[in-house]
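Please read them alongside the sequence and the coordinates.

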Amino acid sequence: MSDITANILSYSLPELESLVLSMGEKKFRAKQIFGWLARGAASYDEMSNVPAGLRRNLAENGYYIGQPEVVTMQESKSDGTRKCLYEFCDGARVESVFMKYSYGNSICISTQVGCLMGCTFCASTMDGKQRDLTAGEMLGEVLKMKRVTGEEINHIVLMGMGEPLDNYEEVSKFLKLINSPEGVNLSLRNITLSTCGIIPGIYRFAEDFPQVNLAVSLHAPNDEIRRRTMPVARKYGYDDLMKACRDYTEKTHRRITFEYALIRGVNDSPENAEELADHLKGWLTHVNLIPLNEVKGRDYRTAEGSSVLAFRKVLEKRGIAATVRRTLGSDIDAACGQLRASAER
Ligand code: SAH
C-alpha cells in the first residue's frame with residue numbers, strides 16, 4: 001500500500017503548524033496552506049502567497065494533496081444527480097454522489113473501500129471490505145466533487161460505501177477537519193452520519209458529536225426480520241439498539257432518523273408497520289421510508305407503491321413522522337445501496 005499518511009489533506013491545522021515549523025518556516029504559513037487546501041487547491045503551484053521554497057519542500061518530502069482521480073462521472077438526465085467513481089493513489093476505488101435538493105446541495109461520501117457489514121440487500125458489501133478510508137481521503141471526496149461540479153456543497157451525508165462507525169477514528173478526524181473554521185468550515189449540523197447499528201459506536205458518537213445528525217438503518221420491526229437481512233443484528237439485538245437510540249435522543253435532544261428500506265414480502269406489510277410503530281411511539285424520531293433499490297445479483301424486490309403508501313399511513317396514524325425518500329439518480333445506479341466500486345461497471 002502506498003504511503004497514505006503523507007496525504008496533507010489529513011493534517012489538522014495544529015499538525016500542519018508543527019510540520020511547517022519543523023521545516024523552519026513561520027507558523028502562519030500553515031493557515032495559508034490549510035485555507036488553500038480547503039478551497040480545493042490540487043497542487044502546491046496554486047498557492048501563490050506561499051513561498052516557493054516551502055512549496056517545494058513539502059512536495060519533495062512526499063506531502064501530496066490526496067484528492068482522488070475521477071475515473072468516471074455520470075450525470076442523471078432527470079435530476080442533475082452526479083456520481084463519481086474515484087480512485088485513490090493505491091488504486092482503491094469508491095463512489096460519491098452529488099445531489100440537488102430544494103434546501104441545498106448535498107454530497108454522499110464513502111467512508112470505507114467496500115464494507116464488512118454484509119447487509120444482504122446492499123451492493124457495497126458484496127466484495128467485503130478492502131480498507132478504511134483516511135480522514136484526508138474523505139475530505140478529498142468532498143473537495144474533488146466541488147471542483148468537478150463547480151457547485152457549492154451545503155450538506156454531507158456519510159451514507160456511501162462503508163460503515164462509518166466501523167472506522168471511528170478517521171471519521172471523527174474528518175468531521176473535525178471539515179468543521180474547522182480556518183478550513184471548509186461546514187457546520188456539524190449540516191452533516192448526517194448513517195450507521196447499521198453498532199451500539200458502542202452510537203454511545204461514543206453521542207458523546208463526541210452531539211451536533212451531527214444520526215440516522216440508523218433499521219429496516220425491520222423486530223429481531224427476527226432484521227437478522228434475515230442484516231448480520232450486524234446478530235451481534236447487537238433489537239431491544240438494545242432501541243435503548244441506545246432512545247438514550248441518544250435523551251442525551252443530545254436531537255431527533256433520530258430511522259431508515260427503513262421497504263422490501264417486498266420481507267418487511268413491508270401493515271402488520272410490520274404496526275410493530276414498528278409500537279417501538280417508536282412517544283419519542284423523538286423520524287422514519288425515512290426508502291423503496292428498496294434493486295441491486296443486480298440480489299434477489300430482493302422493491303415494495304409495491306401501494307404497500308409503501310399503506311406503510312406510511314399506518315405510521316402516520318400512530319403519530320410517527322414518516323417520509324418516503326425521493327429516489328434521486330436511479331437512472332445512473334446512484335441510489336442508496338447501489339454504490340459499488342468493482343470493475344464490472
Ligand atoms: N453503513 C451505513 C451507511 C451506508 S448505507 C448504514 O448501514 O447505515 C446507506 C443506507 O442505504 C443505509 O440505510 C442502507 O441500509 C441503505 N441501503 C443499502 N442498500 C440499499 C438498497 N438496495 N436499497 C435501499 N437502501 C439501501
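1. Arginine 318 and aspartate 278 form a salt bridge, with the closest N and O atoms 2.7 Å apart; a salt bridge here is a side-chain nitrogen of Lys or Arg within 4 Å of a carboxyl oxygen of Asp or Glu. Arginine 318 sits in the loop between helix H11 (305–317) and strand E12 (322–324), and aspartate 278 in helix H10 (residues 270–280), so the pair ties together parts that are 40 residues apart in sequence. Arginine 318 is partly exposed at a relative accessible area of 26%, and aspartate 278 is partly exposed at 43%. The classes are buried for under 20% relative accessible area, exposed for over 50%, and partly exposed in between (1.4 Å probe, protein chains only). Helices (H or I, at least four residues) and strands (E, at least two) are DSSP runs, numbered from the N terminus.

2. On the basis of these values: the model is predicted, local features need pLDDT of at least 70, side-chain atom pairs count only at pLDDT 80 or more, and totals for chains, interfaces and linings use all residues. Residues are numbered from 1 along each chain as its sequence is written, and side-chain values use heavy atoms, with hydrogens and water left out.

3. How many salt bridges does a search of the whole structure find? The search finds 20. One of them joins glutamate 151 to arginine 82, with the closest N and O atoms 3.3 Å apart. Glutamate 151 is in the loop between helix H4 (135–149) and strand E7 (155–158), while arginine 82 belongs to strand E2 (residues 82–87), so this pair ties together parts that are 69 residues apart in sequence. Glutamate 151 is partly exposed at 22% relative accessibility; arginine 82 is buried, at 10%. A network of salt bridges links Arg82, Lys100 and Glu151.

4. Aspartate 90 and arginine 131 also meet through their side chains in a salt bridge, at 2.8 Å from N to O. This pair links distant parts of the chain, 41 residues apart: aspartate 90 is in the loop between E2 and strand E3 (93–101), and arginine 131 is in strand E6 (residues 129–132). Aspartate 90 is partly exposed at 30% relative accessibility, whereas arginine 131 is buried with a relative accessible area of 9%.

5. Arginine 55, in helix H3 (residues 52–60), deserves a separate entry. Not counting residues up to four places away in sequence, arginine 55 touches Tyr44, Asp45, Met47, Ser48 and Val50, contact meaning heavy atoms within 4.5 Å.

6. Ten strands make an open sheet with mixed pairing, in the order E1-E2-E3-E4-E7-E8-E9-E10-E11-E12. Two strands pair if DSSP finds at least two bridges between them. Strand E1 (69–75) and E12 are the edge strands, each pairing on one side only. From one strand to the next the twist averages 20 degrees. H11 lies across strand E10 (256–262), strand E11 (285–291) and E12, and runs at about 170 degrees to E11. Axes are lines fitted to C-alpha atoms, for helices over the stretch in contact, and angles run from 0 to 180 degrees between N-to-C directions.

7. Within the sheet, strand E4 (residues 104–108) pairs with E7 in the parallel sense over three bridges, and isoleucine 107 stands opposite isoleucine 156 in E7. Strand E8 (residues 191–195) and E9 run parallel, joined by four bridges, with asparagine 213 in E9 as the bridge partner of threonine 192. E9 and E10 are also parallel, joined by three bridges; serine 217 has glutamate 259 in E10 as its bridge partner. Four of the five residues of strand E9 (residues 213–217) are buried.

8. Threonine 125 lies in the loop between strand E5 (112–114) and E6 and is buried, at 9% relative accessible area. Threonine 125 and cysteine 115 are ten residues apart in sequence and 4.6 Å apart in space, C-alpha to C-alpha. Leaving aside neighbours within four places in sequence, the contacts of threonine 125 include Cys115 and Arg298.
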